[in-house]
Each structure stands twice: as C-alpha cells, then as structure tokens.
Amino acid sequence: MKRATWFLMLSLSILGAGATAGCGSKTEEKSDKAAETASTPELPADVQDVAAVARPEGTAAPAGTTGATGGTVAQDESAEGTVNATGELVSPVTSEVAVRTPGRVGKVYVDEGDRVRRGQALLTLETQYLLLDLKRADAEVARAKAMAGDAERDYKRKEDLVAKGSVARAAFDRSQSNYQSAQAGVASAQADRDLAKQKLDDAVLVSPLTGVVAQRMTSVGERLGDASVAFVVVQTSPLKLRFQLPERYLARVRRGQAVRATVDPYPGETFSGRVTVVGGVVDSTTRSVAVETEFPNSDGRLSPGLFARVEIDLGPSVEG
C-alpha cells in the first residue's frame, strides 16, 4: 500500500514539472516572436506596393501606404459623378499691336504687366511734322474753295447771258468746265486734309482689346517702320481652360456643363466656368477627348498660363 502511494506521488510530480516546462517554452516562444516583430524595419515607400501584392490574402496593409511615386492614389471619379482634371488657362486672343505709319516714338504710356482697356492709348509718335501737314492741307482746302467760288459765279453769270444770246456758247462751256474742275479741286483738297488728320490720329497707338500687356517692344526715341510691332496684348476676360478626359466620359460631357477650378495663387477659392467645346475626335494615343471651358474672369484675377485643377460634374454613370 505504501509502495503504491509513493509511485502515485512520484507520477504527479513528474507531470507537474512537464507542465511547468511546457508553459515556460510557450512563453519564451511568444517573447521571441515579439522581439523579432519589434526589430523588423519598416519597408521603404518605393517597395510597399510590391509588398502589398505579395502579401497573403486576408493580411492588412500597413497604415499610410502610398503609391510608387509617393503620392496617395485617388479615384478620378467620385460616386456623385464629379471628375477631376488639370489644365492651363489660356487667352482666346493675342494681339500684336503695330503702328500704321512710320515715325519716332514720342511717349510710352504703359509697360509690361499693365492692364489696359480697349481704346486706351499705349504710345504716341512725334507729331510736329504731322501737325504742319495738317495746317498745309487746311490751307489748300481754303484755297480750293475760293477758286471754286469764283468759278461758280462766272458760270452762273454766263448761264444767264447764254440764255439771252449775249455770250457765245463756247464761252459758256469753258466757264462750266472751270466750275466743275474747281469743285473737283475742293474735293481733292478735302481728301488730303482728311488723310493728314488720319495720320495724326494714327500717331496715337491704342489697345485693340481689354487685357494685359504681355510684351513691350519699343522705347521713347526709337523709330518705328511700317507695321512695326510695339506691344503684345493678350485678352484676359474671358479666359479658356483646356484639358483631356478619358474617352469613357465622351457621352456624358456636353456644352454648358458647370465646371469649378482652383489655382495656387488663390488657395481655398473656387472659380466657376462653363464647358464651351467638346472635342469630336478621340486621341488614338491617349484614348482621351479634348474639352474646352470658359471662365468670365471679369475681375482679372486669373492670368493666362496659370496651372488649374478643374472639377466637372458629369452626373452618375448610366449602365446599360
């Protein structure tokens, strides 16, 4: 009986030691795994996408994963049908303003970057000789009118005399011819005067449109020849914005749709515009279609050449 009791106590002691040893080994294994996890360095950003592909199914991706370029991958269309694109603001009209007549620059009123209105003076040529030409033309008109007056009186007198038979018909005909020639002389003198006035007016170069001076290409004292370009003026109201959309949106984009644009110089502000042109040809290389929009820009805050981010509401897609 004593021997059986001793064997029972010995067995229980052995089992207890084994269990204690087993628990110790499991605890040590968990500690080793934790240490290994803590010591594993985070993968570089340029290989995280590869690691995500190779990760077993059901394994969560690390927080803050970015694309290969380091930027967050975003969808180009929201659930509400808003599509994002980028483009550049461009002026619909660029004018090279040139003088009509040659001359020396007397005054310059604007410089590069200045905003100008249609009809605003940009420069004036020297006008001393033009003023003298106009005075001479005025004198020629006065002289021609005086000669025409004398010819008219002679013609009227001979007209009465020829009716009474008191003057030869040939004398009357000469008087009539002189009167008509004098009238033509008045018209010619008046045309010369009008030309002198026009040259004087053309000495002031004005802007053909409302916009901004992109280039100034002359200075005071410089002589400009025929059709010499003095300024380049670009229209700023309205402005156009062109961008590309994937071909799958061709059936959903149309003229008149509202668009919104943001630019870096005015963070947090949104500018509104409308679709004006939808390209009818799909680019075979990019599989995209060109879209052109227009922004009123009545306050002139937007400038040609600005990079813009645009949103266009196409509405939810229709699945057939």
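Author: Two strands count as paired if DSSP finds at least two bridges between them. In this predicted model, an open sheet of 4 strands has the order E6-E5-E3-E8, and its pairing is antiparallel.

Reader: How do you know that E5 and E6 pair?

Author: Strand E5, residues 121–125, is joined to E6 by 3 bridges. The requirement is at least two bridges, so E5 and E6 count as a pair. The two strands run antiparallel. One of the bridges links Ala 121 to Val 206 in E6.

Reader: Why are E6 and E8 called edge strands?

Author: Strand E6 (204–206) and strand E8 (223–224) each pair on one side only.

Reader: What makes Thr 293 buried?

Author: Its relative accessible area is 0%. Buried means under 20%, so Thr 293 qualifies. Thr 293 lies in strand E13. Beyond residues up to four places away in sequence, Thr 293 touches Leu 239, Lys 240, Leu 241, Phe 243, Val 259, Arg 274, Val 275 and Thr 276.

Reader: Which residues have the most contacts inside the largest nonpolar core?

Author: They are Leu 89, Leu 241 and Leu 245, in a core of 23 residues. Strands E1, E10, E11, E12, E13 and E14 each supply at least two of its residues, and E10 gives the most, with 4.

Reader: What does Leu 245 touch?

Author: Leaving out residues up to four places away in sequence, Leu 245 touches Val 83, Ala 85, Ser 288, Val 289 and Val 291. To be listed, a residue needs heavy atoms within 4.5 Å.

Methods
Residues numbered from 1 in each chain as written. Predicted model: local features only at pLDDT ≥ 70, side-chain atom pairs only at ≥ 80, totals over all residues. Heavy atoms only, no water. Core = buried A, V, L, I, M, F, W, Y, C linked by side-chain atoms within 4.5 Å. Buried < 20%, exposed > 50% of the residue type's maximum accessible area, 1.4 Å probe, protein only.
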